[in-house]
Amino acid sequence: MTIRPPDAWTLRRLLCGYSMNGQLTSLPDPWKRMGEHLDGLPKEGRQAAWMAMLAARPEAAELVKALEEIDPNGPAPTTVAAALFATLADVAKIISAQSWLWKGWLALGVLNAVAADPGVGKTRFAMDLARRLWFGLAWPDGQPATQPAGTRTLWVQGDRNFAEMLQAARDFGLPDEAVALGSAPDEPFGSLDLDDPDTLAAIGDRIKAAAAPLAVIDTVGMTTSRNLSRPDEAREFFAPILELCQRTGVALLGQTHLSANKEALGRRIVEKARVVIKMTQPDPEGQPDRRRLWVDKTAVVKPPALGITMGTAGNDYDFDPPKEPDPVPKKRGPSPEKLEECKTWLAAQLTPNPARVSAVRKAAEQAGHAAGTLYAARDALRVSEYELDGRKWWKLPAQPDPAKPS
């Protein structure tokens with residue numbers, strides 16, 4: 001039985017002749033029985049009694065060592081029930097800080113995401129990262145290479161567009177061995193169902209076998225039959241993927257699309273990803289080869305946005321990204337359908353004679369036409385407003401100038 005430091009301190013003080021002040025009550029058995037026996041003896045007889053008790057203990061050597069390491073003149077050692085809970089110190093033993101493949105952009109051991117519209121260049125961007133890993137080149141923002149030349153990238157081609165991936169690799173001058181697939185050699189187009197635990201396990205083994213620090217899923221939504229907009233299904237899909245990242249230490253780059261308002265499709269991937277990168281093509285007509293690249297979500301300080309010039313043999317990057325166009329202000333007012341409906345209604349109200357404004361407004365409300373739509377229809381019909389006997393009236397342009405309506 002192992003003795004705790006506070007218990008060893010109590011026994012050591014007894015052997016040194018100290019009197020106890022309630023400490024014996026906190027001792028567990030068998031140390032409590034031993035302590036009570038020692039406490040009942042005169043100081044000069046305690047050492048001999050202790051040696052006799054040690055002779056009957058199988059852990060005698062451990063007890064002697066534990067007491068020798070205790071300072072009987074110092075304060076009682078404290079102990080924490082460490083087995084009951086972990087602390088940040090335990091986490092720090094495993095992860096001293098977030099590790100980065102590309103600092104600020106691609107974190108190791110976690111899920112990262114890149115979101116862009118279809119056709120903007122997610123695949124060629126990821127392949128350019130593979131090119132930089134293989135040839136030992138600096139990262140796009142000029143940070144020095146963090147991996148030696150000859151480092152592979154693992155690729156899961158979820159959208160089945162192997163031809164585009166192959167063409168990008170050929171254009172960038174990558175040899176065939178630079179990109180490892182998440183599939184077996186006898187079935188290179190397989191291993192694309194990430195709902196399957198065996199597939200994920202095999203991909204994890206291939207990440208380790210290829211010594212790949214970067215793995216690309218192109219695209220995430222094409223590797224699952226689950227509805228990732230539903231929290232429960234997203235949890236079932238991402239949990240084993242996040243575990244795969246932790247187990248292999250890989251920087252997993254999941255690709256997804258942007259919505260109309262430039263948000264990553266499927267907010268669940270944004271929740272699960274440590275870093276979310278976005279890429280847009282702000283000026284497809286004037287600058288068809290230019291892209292804007294930035295970190296949209298991260299737990300650390302966001303790095304400066306980058307400009308990309310997409311090239312056939314690789315991409316060039318700079319710190320002067322193209323600017324997004326100013327948002328087009330939304331045109332206020334009723335929809336064209338509602339306006340036309342109200343115009344027809346108002347024209348009928350003012351035919352054949354003008355009508356009092358108060359009566360028209362009351363009738364419009366009863367007919368379901370909002371006040372803004374009514375006045376927009378008035379302006380579109382070029383209705384004139386005039387006063388007669390202290391009341392306001394409306395008339396159509398074709399109607400004669402009023403004397404007094406009949």
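This is a predicted model: local features need pLDDT of at least 70, side-chain atom pairs count only at pLDDT 80 or more; totals for chains, interfaces and linings use all residues.
Residues are numbered from 1 along each chain as its sequence is written, and side-chain values use heavy atoms, without hydrogens and water.

Thr298 counts as buried because its relative accessibility is 18%, where buried means under 20% relative accessible area, exposed over 50% and partly exposed in between (1.4 Å probe, protein chains only). Leaving aside residues up to four places away in sequence, I found Thr298 touching Trp100, Arg274 and Val275, contact meaning heavy atoms within 4.5 Å.

I then turned to strand E4 (residues 153–156), in which Thr153 and Trp155 on one side and Leu154 and Val156 on the other are all buried. E4 pairs in the parallel sense with strand E5 (residues 179–181) over 3 bridges, pairing requiring at least two bridges found by DSSP, and Trp155 stands opposite Leu181 in E5. I also looked up strand E6 (residues 214–217), which runs parallel to E4 and is joined to it by 4 bridges, with Leu214 as the bridge partner of Thr153.

Last, I checked helix H2 (residues 31–39), where Trp31, Met34, Gly35 and Leu38 are buried. Seen down the axis of H2, these buried residues fall within an arc of 95°, so they line one face of the helix, the arc being that of the directions from the helix axis to the C-beta atoms.

Notes
Helices (H or I, at least four residues) and strands (E, at least two) are DSSP runs, numbered from the N terminus.
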